[in-house]
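Hi,

Here is the model I promised you.

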Amino acid sequence: MKKIFLNLGLQPMANNFAIKSKNKQKFYNLKIKFDNKNYLTSISKIIPSKNIYNSHYPYLSSMSKTMQVSFKNLAKKIKNKYKPKNIIEIGSNDGSFIKYFNKKNALCVEPCSNLAKLTRNKGYKTFNNFWDYSLIKKIKKIIPNVDFIYSANTISHINNLNTTFDCIKKILSKNGVAVIEDPSLLESFKKNIYDQFYNEHVYVFSLISLKKILTKYNLEIFDIDRLSTHGGSLRYYIKHNKNNKLKINKKVFIQEKKEIKFGLNKFKTYIKFAERVYDSKKKLVDIFNKIKKNKKRIIGYGATAKSATVLNFCKINNKHIDYFLDTTPYKINKYTPGSNILIKKYERKLSTEDCEYAFLGAWNFKKEIFLKEKDFLRKGGKFITHVPFPGIIGKKFKNKL
Ligand code: TYD
């Protein structure tokens, strides 16, 4: 049975950056539900994929050093450990991962045409398609036996998990490996990361939920990596369950135990999380109100999709935040969806002349950002964050760098 546990209020599409101030946005009620049958956590209203992943999708993986390093390390590991003869990436974005593989043996799948163009221009065979039955038919003609499939922060965006995994099952060679990585529900709950929920994140997976669904397709998780990316992600290594050459690593059992111990199989854990989220909202709003009462300037740092959830849920807008800074070309001179805050190009390091406070929209890259902005921190500049708890981070942080 599916039950709603969290209501994040009226939300726009999180990556719908407006060209004009006060551009009309379509809002929907973002509610989050838990299915006690398969332990899946999902958003309740599904926006059709073709309305989101189109010719002007703004997100570029290469915008953060953290992700670049993560992709580089994984590519090295895959080559050394699995030595695949060929590889497919589902959701290849701007090619930040696939670039480590030989063009002759790699294939990209990317439904956003502006992004598909990027890998195509670099010489990679790229299908500008959604991952489905008609696509795998086409792929099979080029690569009948796929050795390796990789997909980062993509599967959680796809509503139809049955098609997704059935297609993986059907195209993966007997001894092939599929690796998917997505934000971890356990880490999100531990750190009160409610902004993992927005229209594009149809699911936030736990290992126990994925395990259930994979069983249906005779697929099996045989290893995991715990990653610090996106506030804590899990990388799942998946094989055919008949393939006994790959043994199940004990890390899988440990993670499963941890999730059960935390209560990810029980609805009451979800209700408790929701209570913490409502409390987090109150505290964050208090922080913004106090700062504005003292007539201090706040800007936003990193106009993430995630921050759309926070800003709209907490009703924080251009009365609180003067403007956002972001490095993504597509977002520049546009307005944040719903909260209507101008996004300016990040051109130089932050200065205390610009503002006294910066709201950390890209909190998941905190380390990278604080290193970059250490002078701002040293001179008394402060960051506002809501993860894991609403608070202000100032000078003291620099000692931890
Ligand atoms: P991200 O948190 O990866 O994802 P999402 O949009 O899915 O929530 O987005 C990071 C955003 O922050 C992206 O727009 C680039 C921006 N950014 C900066 O502007 N400066 C930085 O130093 C970093 C790391 C990111």
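Predicted model: local features only at pLDDT ≥ 70, side-chain atom pairs only at ≥ 80, totals over all residues.

Residues are numbered from 1 along each chain as its sequence is written, and side-chain values use heavy atoms, with hydrogens and water left out.

Strand 14 (residues 357-360) pairs in the parallel sense with strand 11 (residues 298-301) over 4 bridges, where pairing takes at least two DSSP bridges between two strands. Strand 14 also pairs with strand 15 (residues 382-385), again in the parallel sense, over 3 bridges. On that side, Tyr357 has Lys382 as its bridge partner and Phe359 stands opposite Ile384.

Zooming out, the open sheet has 6 strands in the order 13-12-11-14-15-16, with mixed pairing. Strand 13 (343-345) and strand 16 (391-393) are the edges, each pairing on one side only. From one strand to the next, the twist averages 35°; angles run from 0 to 180 degrees between N-to-C directions, with axes fitted to C-alpha atoms, for helices over the stretch in contact.

Which way do the side chains of strand 14 point? Tyr357 and Phe359 go one way, Ala358 and Leu360 the other, and all are buried (under 20% relative accessible area with a 1.4 Å probe, protein chains only; exposed is over 50%, partly exposed in between). Helix 8 (residues 267-293) lies across strands 11, 14, 15 and 16, at about 145° to strand 15.

**Helix 9**

How many residues of helix 9 are buried? 10 of its 10, and among them are Lys306 and Asn312. They pack against strand 1 (2-11), strand 2 (28-35), helix 8, strand 12 (324-326) and strand 14.

Leaving aside neighbours within four places in sequence, Leu311 contacts Ile316, Ile321, Phe324, Ser339, Ile341 and Phe359, contact being heavy atoms within 4.5 Å. Gly338 is 27 residues away from Leu311 in sequence, but 8.2 Å away in space, C-alpha to C-alpha.

**Helix 4**

Thr163, in helix 4 (residues 161-171), counts as buried because its relative accessibility is 15%. Not counting residues up to four places away, Thr163 touches Trp131, Asp132 and Tyr133.

**The second largest pocket**

This pocket holds about 500 Å³ of space. Of its 19 lining residues, Ser228, Gly231, Trp363, Asn364 and Lys367 are the closest to its centre. (A pocket is an open set of points on a 1 Å grid over the protein atoms alone, where a 1.4 Å probe fits, with protein on both sides within 12 Å along at least five of seven lines; lining residues have an atom within 4 Å of a point. Points join across faces, edges and corners, and the volume is the space filled by probe spheres set on them.) Helix 10 (366-372) and helix 1 (65-81) each supply at least two lining residues, and helix 10 has the largest share, 3 residues.

Cheers
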